[in-house]
Amino acid sequence: MEAIAARPAFSCCRSAVAAGSASRRLLLNTSPASARQKSSTARTRKALNIPPHQSFLNFNGSDGATRPTSDQIIFNPPSSAPSVFHTPFKFLPPSDPRRRANLASELFASSAHNSPSSSSQPSSSTSEAAATPEELPLAGGVPPLKPRHHLSKEDIEEMRRLRAEDPVKNSVLNLSRQFQCSKLFVLMCCQAPKEHREKIQSQLEQVKNRWGPRRRAAREERQRRFAMLFSGEL
Amino acid sequence: MKRLRLDRWTGQLLVARPGASSASTPRAALRSPAMCRCMTVRNQSTAASPQIPQEDDYYDGTDHSRFPPLEQLPPRATSLPSPPPERALQSAKLAALHARLSLPEKVPLQTLGRALVDASADDNPQYNNTNLAFVGHTLINYHVGEWLMCRYPRLPMEVLYAAMKGYAGPTALHHVARSWGVEHAAAPGGEVDPGLLQFSMHKPGEAVTVFGYKRAEYDGLRKHQWRHGISSRVVFDDDFGEIVQSEEEKDQMRARADTEYGNEYTRTLAEAAYATCARAVVGAIYAHTGREAAKAFIKAHILSRTLDLSRLFFFKKPTRELSLLCAREDFEPPVARLLSETGRMSRTPVFVVGIFSGKDKLGEAAAASLEHARAKAAMNALKSWYLYSPGEHVRVPSDMLSEDAQPWDPAYIDIGEIIGR
């Protein structure tokens, strides 16, 4: 007996959704109100004409047979999210035997990162087009810059002095541009005078008071959704 | 037409009333059984003369000619708070429970019967299950704790406490005892079948099975919800990281127990009684057959239960925690990248985001918005860090106690959590 295992992949989600919409179309056409049209028939026939999965085609020594000739188990589960119980290679401690066992495969897998099964569907998603993770588009957020540690103690004193002098002109953004550091670093270093902070706070309160019920509810809901996400309910 | 005699309809239920009018307290009724009997005879007014039971037995007013006892009780059985141990040999329920659990023959039925008597039913520690439950509680928590620490060495302390509670907490052990087919008696007493779990709602007993210290700042913790960090929980609190109740609070709870019925608190009491029973069975096995049998029993009945540890986590800033982890472990800083997407402009888009550190993918998740997918992928990456396991059949320190044990190779110990909570 031999088993054919196919790794479940998220990358087929686009094609899955497309197939779902096609079947919905098919259902609509069966209703008596809308007559069968040539255009929809051709379209659905095209959409539903899917070749069988590769695991059903590659039989050992098959001479054009459509059925398996030998005993084999085809394990082809539907696509699913990867389990968190599979520790990534990088997270394995040095003492773990899996690290030694997988080292060779991890080293040579980077060139053939995407398996050939996924490249058989060229238009399905963005991941197939990119060979390495560096070519994938960023998903929100800028990658953190490496800290340069170029500011001295005098620079930080100067930054504080400027911020205290004129907090409107020397805003956090301006200071970060001037000293070529991140905004977070400016915020870590200096604090605006109290009256400036109170002014900003009151302005924010005024803006919030102008919100209508819809905008307020939408913001609260967004917060609640994030809280649910963090506790694993979404 | 037959004449209806209304006074006879509820005669059985009304028996206690005349006794109460003459002797107001049960203790007084106990002292004068003869008077009580006379009243009963007069009110029942049945044709057959009631059998007079033995003089030293407590007579509760039941007409034994109409309602013969199901089993011959030993003298004074009804006056005892729990069934006498010699009745355990006649109980079919107890024998069935013994057989169902496949307990070794060395565990006698009397001990199993004693494991079913809660401290609230019988406060004599020589007849209730407090001592057995104490041993069982210690054993269960030790085995669950060592197994969790060796199997998942990177679990944060909060999740470890939650997992301990999920495996060995009162709710889990209550379910274990229920799954064994243990049933409880409506009220404890000497006449009850010894195969039924006996506990009383009216006076919650003093089953001391919890380690822990009383905190000096207890009132502030309860009233003002003061923060108590995980380190102090390790030192002061019980095995599940929960504050040990003070005596005053216990007294308040006891006062409530007598007045309330069928609420969350009474359910907690019943749950605790079942959990104590499950612990006492483990303690009984340890007392009669030793360490290895008790360990095998715990493994079969408690550690074999399924608990999804990945659902016990709660994060506040997962992306920040992950970047701190990567900085600590000298990995490249994590970057979120879009693996695939569908329906970006539609009502129900799906974004699949992976988090990469260098060329390695740490986590992956799908969500309906880019921020959600990014946060979820970071949470998955952190979970896969925390849920690292050296293997499914990892050795635990108690394996070394058997004679033919292989030499011990040290278990993996993690350096600690990423951020303090």
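Reader: Buried means under 20% relative accessible area, exposed over 50%, and partly exposed in between (1.4 Å probe, protein chains only), and with that in mind, which residues of helix H9 of chain B are buried?

Author: This is a predicted model, in which local features need pLDDT of at least 70 and side-chain atom pairs count only at pLDDT 80 or more, while totals for chains, interfaces and linings use all residues. Residues are numbered from 1 along each chain as written, chains are lettered from A and ligands numbered from 1 in the order written, and side-chain values use heavy atoms, without hydrogens or water. In helix H9 of chain B, residues 170–179, the buried ones are Ala172(B), Leu173(B), His174(B), Val176(B) and Ala177(B). Helices (H or I, at least four residues) and strands (E, at least two) are DSSP runs, numbered from the N terminus.

Reader: Ok, and what do the buried residues of H9(B) pack against?

Author: They pack against four other helices of chain B, namely H7, H8 (157–168), H13 and H14 (291–303), where contact means heavy atoms within 4.5 Å. After H9(B) comes Gly181(B), which has a positive phi, near 85°.

Reader: You mentioned H7, and I see that His143(B) lies in it; is His143(B) buried or exposed?

Author: His143(B) counts as buried because its relative accessibility is 7%. Helix H7 of chain B, the helix that holds His143(B), covers residues 130–151. Setting aside residues up to four places away in sequence, His143(B) touches Lys295(B), Ile298(B), Leu303(B) and Ser398(B).

Reader: Which residues of the largest nonpolar core touch the most other members?

Author: Those are Val144(B), Leu148(B) and Trp180(B), in a core of 83 residues. A nonpolar core is a set of buried Ala, Val, Leu, Ile, Met, Phe, Trp, Tyr and Cys residues joined through side-chain atoms within 4.5 Å. Helix H13 of chain B, residues 264–289, gives the largest share of this core, with 11 residues. A separate core, also of 11 residues, includes Leu151(A), Met159(A), Cys181(A) and Val186(A).

Reader: And what is Val144(B) in contact with?

Author: If its neighbours within four places in sequence are left aside, Val144(B) is in contact with Met164(B), Tyr167(B), Ala168(B), Ile302(B) and Leu303(B).

Reader: Changing topic, how many helices and strands are there in chain A?

Author: Chain A has 11 helices and two strands, and along the sequence they follow the pattern β-α-α-α-β-α-α-α-α-α-α-α-α. The chain has 234 residues, of which 21% count as buried. Among its contacts with a separation of 6 or more, 49% are between residues 24 or more positions apart.

Reader: How many residues of chain B are in contact with chain A?

Author: There are 52 residues of chain B in contact with 40 residues of chain A. The area buried between the two chains is about 3900 Å², and carbon and sulfur atoms give 64% of that; buried area is the accessible area (1.4 Å probe) that two parts lose on being put together, summed over both. Of the area that chain B buries against chain A, Arg337(B), Lys359(B) and His372(B) supply 15%, more than any other three residues.

Reader: Where is the place of Lys359(B)?

Author: Lys359(B) sits in the loop between strands E2 (350–357) and E3 (360–367) of chain B, and it counts as partly exposed because its relative accessible area is 46%. Its C-alpha atom is 19 Å from that of Ala373(B), which is 14 residues away along the chain.

Reader: What is the count of salt bridges between chain B and chain A?

Author: The count is two, out of 18 salt bridges found over all chains, each being a side-chain nitrogen of Lys or Arg within 4 Å of a carboxyl oxygen of Asp or Glu. Lys90(A) pairs with Asp360(B), with the closest N and O atoms 3.6 Å apart, and Lys90(A) also meets Glu332(B), at 2.5 Å from N to O. This latter pair runs from Glu332(B), in the loop between helix H15 (318–328) and strand E1 (335–342) of chain B, to Lys90(A), in the loop between strand E2 (72–75) and helix H4 (97–109) of chain A. Lys90(A) is buried, at 14% relative accessibility, whereas Glu332(B) is partly exposed, at 40%.

Reader: Last one, where do Glu221(A) and Arg225(A) lie?

Author: Both are in helix H11 of chain A, residues 213–230, four residues apart, which is about one turn of the helix. Lys90(A), Glu332(B) and Asp360(B), by comparison, are joined into one network by salt bridges that share partners. The side chains of Glu221(A) and Arg225(A) meet in a salt bridge, 3.7 Å from N to O.
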